[in-house]
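I opened my notebook to look this structure up piece by piece.

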There are 2 protein chains.
Amino acid sequence: MARPVNLEVRSRLLSIGRQVVHDRGFNGCGVQDITAAAEIPKGSFYNYFASKEDFAAEILEEYWTSIESRHGPIFYDARVKPLERIGQFFQALVLEHGEHEYTLGCLIGNLSLEMSNGSQQTRARLADVLARWEGLLASCLREAQQRRELPEERNAEELACVIVEAWEGAVMRGKVLQSGAPLQRFVSIVLPRLLE
Amino acid sequence: MARPVNLEVRSRLLSIGRQVVHDRGFNGCGVQDITAAAEIPKGSFYNYFASKEDFAAEILEEYWTSIESRHGPIFYDARVKPLERIGQFFQALVLEHGEHEYTLGCLIGNLSLEMSNGSQQTRARLADVLARWEGLLASCLREAQQRRELPEERNAEELACVIVEAWEGAVMRGKVLQSGAPLQRFVSIVLPRLLE
């Protein structure tokens, strides 16, 4: 039987539910909490998502797409040197984390640690999102190499991975300390050393 | 009324319960799962721990103490250069994570992302454990500076923080990929660049 689908409701579930999961963790909230926050009946959830894991994969996709649409364009800004674009990208993320006093962490990182040991579906989506993020960075790093701003012998793909990994660790620490200091340290110490 | 306390049972709850939480996450398991794994009645849990949060703080303490007792001595090994001690310490952790195919993550990192937004008690313990870890690293870095193996102008405390943060991000990524590659990248790329 075809189930009734309302795109406005689906979109509300994704955006409000994403906030609930980001704030309380995947296992720290139930479908009931998500539907209550979105003000829809609990049963309707399954008209839109096959399972809570399915929902997690969707909010991860939305989370990354939202970051990419807001902050991705800097990677193509020909007015800015490639390595500076990377610094500006992360500086913009620092400001966003500051809007929540650094307490939320990165949804990608949070679900990486909470779920990747238990849900193959989420793990695959996490790997995919991280690979796309690193693809953006790697192509910017290769541009820096073409312009001789980064030594040619550096492995751009590997460097992109290392940058994302160190960033995620900094955001994690920011969450524990409820402070932006680790994020600032990433921008002022780690990133310049990695990009030398 | 004084409650009966059996140190053997408490120790069993801590060691077996720690594995359960490490494997499934704090919110991914209940007190019932922990007591069932330790083969004690559920109600007895509260003879030993005031709450599940209290238990989380205790397993974090035990987790770090166990790492420190097994791998901490390298930091004082006068036969090894200070910066090499740091490399050896992390290489030993890479091997340990490999024993679980990199799927578990670091308990400190896992609980940082899962709990620090919801439990002040856990957050405080996490901050304390991380500070002690960094203290070990910082004192080793200062020794390297005294021996002129690390530039004097580097801030050893800040560098120690950055090292731990980047490591935690690498372990997180290893968990998503179920691979040791990010941990090896930390040892072969990030650490040498940070210690230059």
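**Helix against helix**

Which residues meet here, from H9(A) and from H8(B)? On the H9(A) side I found A:Pro182, A:Arg185, A:Ile189 and A:Val190; on the H8(B) side, B:Glu158, B:Cys161, B:Val162 and B:Glu165. Contact means heavy atoms within 4.5 Å. By class, this contact has five nonpolar, no polar and three charged residues. Ala, Val, Leu, Ile, Met, Phe, Trp, Tyr, Cys and Pro count as nonpolar, Asp, Glu, Lys and Arg as charged, and the others, Gly among them, as polar.

**How I read the model**

The model is predicted: local features need pLDDT of at least 70, side-chain atom pairs count only at pLDDT 80 or more, and totals for chains, interfaces and linings use all residues. Residues are numbered from 1 along each chain as written, chains are lettered from A and ligands numbered from 1 in written order, and side-chain values use heavy atoms, without hydrogens and water.

**One chain, two copies**

I counted nine helices and zero strands in chain A. Helices (H or I, at least four residues) and strands (E, at least two) are DSSP runs, numbered from the N terminus. The C-alpha trace of chain A spans about 60 × 35 × 30 Å along its principal axes.

I laid chain A on chain B: a turn of 180° and a shift of 0.0 Å along the axis give an RMSD of 0.0 Å. The two copies are thus related as by a two-fold rotation axis. The superposition is by least squares on the C-alpha atoms of residues with pLDDT of at least 70 in both. Of the interface residues of chain A, 100% are also interface residues in chain B, so the copies meet through the same surface.

**Loops**

I checked two residues with positive phi. B:Tyr102 has a phi of about 65° although it is not a glycine; B:Tyr102 lies in the loop between helix H5 (82–98) and H6 of chain B. B:Arg148 also has a positive phi of about 65° and is not a glycine. B:Arg148 sits in the loop between helix H7 (120–146) and H8 of chain B.
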